[in-house]
Each structure stands twice: as C-alpha cells, then as structure tokens.
Amino acid sequence: MGLSSDNIHGLILAVSSSVFIGSSFIIKKKGLKKAGITRVRAGSGGHTYLYEPLWWAGMISMILGEIANFAAYAFAPAILVTPLGALSIIVSAVLAHFVLEEKLHIFGVLGCVLCMVGSTGIVLNAPQESPIHSVKEVWHHATQPGFIVYTVFILFLIGVLIFYFIPHYGKTHLIVYVGICSLMGSLTVMSVKAVGIALKLTFSGSNQFKAYETWVFAVILTVCCLFQINYLNKALDTFNTAVVSPVYYVMFTIFTILASVIMYKDYESQNASQIVTELCGFVTILAGTFLLHKTRDMGNDPPKEPIFQSPQVAEAPSSPLPISRR
C-alpha cells in the first residue's frame, strides 16, 4: 500500500524524533547518575537533578524529539507514527553500550533488528487517515462514549498504580513506573494529535485557537506530559536504561494504538490482509524487545546495575533476586 504525501512527511518526522528521544535517555541517565552521587536520587523522590546541566541537555534533546513527534501526528495516523519509536530503542541501546557501558549482547542486536522489521511491516500497511477540517471534529471523536469509557478506565489504573503499587513495588518492579508513563502516554498522544491538527489548520489559514476545544486539549497535553516526565525519571534512575527503553516502547505503543483505534477507528478503511500484516509486524516487535530484554546481560560478569531490581534491593545478601516482568 503506497504512502500518501502526508504519511511520508509524518514518517520523516517520526524517524527524526526517535533519534533525538533515544539519545535523550542516555544523556538524562548520565545527568541523573551524576546528580545522585552527592544528592538524593530521583528514584528515592529527589528532584536535585534539576540543578544538573547534563540532565537539561537530555531534556532539550527529548523536547526536540517530542516537537518532531508532535508534528508527525499532525500529518499521519498514530498507527504509523507510534511504532517508529522502535528506532529510539536501537539508538538508546547502542549508546548505552558505548556511553554507559551497559553491554549489549549480539542477541540484543538481533532484537533491535526484529523491532525494525516489525515496524517496517506496520508502516507499509498503515491506513490512510480521513481528512479532518477542524478541531471540533477531533473533539467529537474524543467525546464519543467508547473513548470516554477508555479514558476513565486509564485514569483509574493510573490511580491504583500510584497509590497502591508504587509504595509496595515501585523500587523492585519496572512495570509500575513504566506502566504509569505508558497509560498516561496514550492520552498524551491523542491530545498531541488534536493540538497538532489545530496548528496545522491554523497555519493553513483556518484559525483553530478561537475554539475552546483547542485550549482544553492543550491543558490535557501539559498535565499528561508532566506526569510522564516525573515517572520516567524515576524509572530511568532506578532501572537499567537499555530495558526501560524497549519496555516503555512496547507498553506505550500498545495503549496508544488502542486509544487511536477507539477514538479515530483507524481500521475501518483497512481490509483483513492489512490488519493481519500489521498485527504480525507488532508481534515481531514484541519478539525483538523480549529478546533484547532476556539477553541484556548474557555473557557478562554480574551486572553493575540490576535490570529488574533497584540498587538498594540488589545489595541485600539474604535471598536470590526475583525476576519480574517489566
């Protein structure tokens, strides 16, 4: 299935975004580790990393990536843009290997390749998005019963993770912090797309900032981004970067595609063959991230920083380290 002009623009922007975002994980991790030497670590509730210039350099890289990602959603459907985050996995894993000395095994490289192959299959079968002529049309999609139920359910899950699971499992189970980022991220993307469409239409001569719906989406976007940054910092400071990146990518992609399907009904214009191909592509991505995850420390000495345990738990000599899924 050929890509439209808008889809090509979205593809280029999404690839650029992944490069910036993948690099930002490494730069921010360096800043967090440097700030944690003499101050309270972010994983322990500290925010002194805000005084670390290296962390801000990572934030600038992430902001540039998010701007490119923001623009990509204005041109292409989420089902095309979101899976291209697989490239950020490769960037962060390779840089972690050389910069942070978090060794990447050959099977980890194979996992990255599988992520790219799966993403390619999804991109080549991405649906053509229906034209949207005003932000009010996006608001109509967002206020449909199906998406309202989805939003309430997501907010409920986030509340449970924050108030119950973080106190008990936040330091030992990666999926808690990353789950909060991913769940909130699905709502962020829907808001990003709405504001991006508003900007695109405004630059085309149809001012969308006169509509209150645009500002509602902008406020939701700001709140969701602040939540994600906070809990992503906690995940990066507590767990191995090369595992945070792919697990975050998988969970974020799943929930974002689900949100897009519910809100925009992306699959209505596709036939069964295209849907099956996209599902196979996504399964391939899952296989790649699983392989990267399982072979992360294969063939190395005992890891300096445990993958699924916080450094504090790793120092306890009493019992074997439990292996938990991110």
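Helices (H or I, at least four residues) and strands (E, at least two) are taken here as DSSP runs, numbered from the N terminus. The model is a predicted one, in which local features need pLDDT of at least 70 and side-chain atom pairs count only at pLDDT 80 or more, while totals for chains, interfaces and linings use all residues. Residues are numbered from 1 along each chain as its sequence is written, and side-chain values use heavy atoms, with hydrogens and water left out.

**Exercise 1. Describe the fold in outline: state how many helices and strands the protein chain has, and what share of its residues is buried.**

Step 1. The protein chain holds twelve helices and zero strands, and read along the sequence its pattern is α-α-α-α-α-α-α-α-α-α-α-α.

Step 2. For burial, a residue counts as buried under 20% relative accessible area, as exposed over 50%, and as partly exposed in between (1.4 Å probe, protein chains only). Of the 326 residues in the protein chain, 51% are buried.

**Exercise 2. Find the salt bridge and state which helices it ties together.**

Step 1. The criterion is a side-chain nitrogen of Lys or Arg within 4 Å of a carboxyl oxygen of Asp or Glu, and by this rule the count is one salt bridge.

Step 2. The partners are Glu 213 and Lys 136, whose side chains meet at 3.2 Å, N to O. Because Glu 213 belongs to helix 9 and Lys 136 to helix 6 (residues 135-142), the pair ties together parts that are 77 residues apart in sequence.

Step 3. Glu 213 is buried, at 4% relative accessibility, whereas Lys 136 is partly exposed, with a relative accessible area of 46%.

Step 4. Val 135 also lies in helix 6, and this residue is buried, with a relative accessible area of 1%. The C-alpha atoms of Val 135 and Leu 199 are separated by 9.6 Å, although the two are 64 residues apart along the chain.

**Exercise 3. Characterise the largest pocket by its volume, its lining and the helices that supply this lining.**

Step 1. On a 1 Å grid over the protein atoms alone, a pocket is an open set of points where a 1.4 Å probe fits, with protein on both sides within 12 Å along at least five of seven lines, and lining residues have an atom within 4 Å of a point. The largest pocket contains about 740 Å³ of space.

Step 2. There are 31 lining residues, and the closest to the centre of the pocket are Ile 21, Met 62, Glu 66, Asn 69 and Gln 228.

Step 3. At least two lining residues each come from helix 1 (5-36), helix 2 (53-75), helix 8 (174-203), helix 9 (212-238) and helix 10 (241-264). Helix 2 gives the most, with eight residues.

Step 4. The lining divides into 20 nonpolar, ten polar and one charged.

Step 5. Ile 67 is likewise found in helix 2, and is exposed, with a relative accessible area of 51%. Ile 67 and Ser 17 lie 7.6 Å apart in space, C-alpha to C-alpha, and 50 residues apart in sequence.

How values were computed
Points joined across faces, edges and corners; volume = space filled by probe spheres on them. Nonpolar A, V, L, I, M, F, W, Y, C, P; charged D, E, K, R; others polar.
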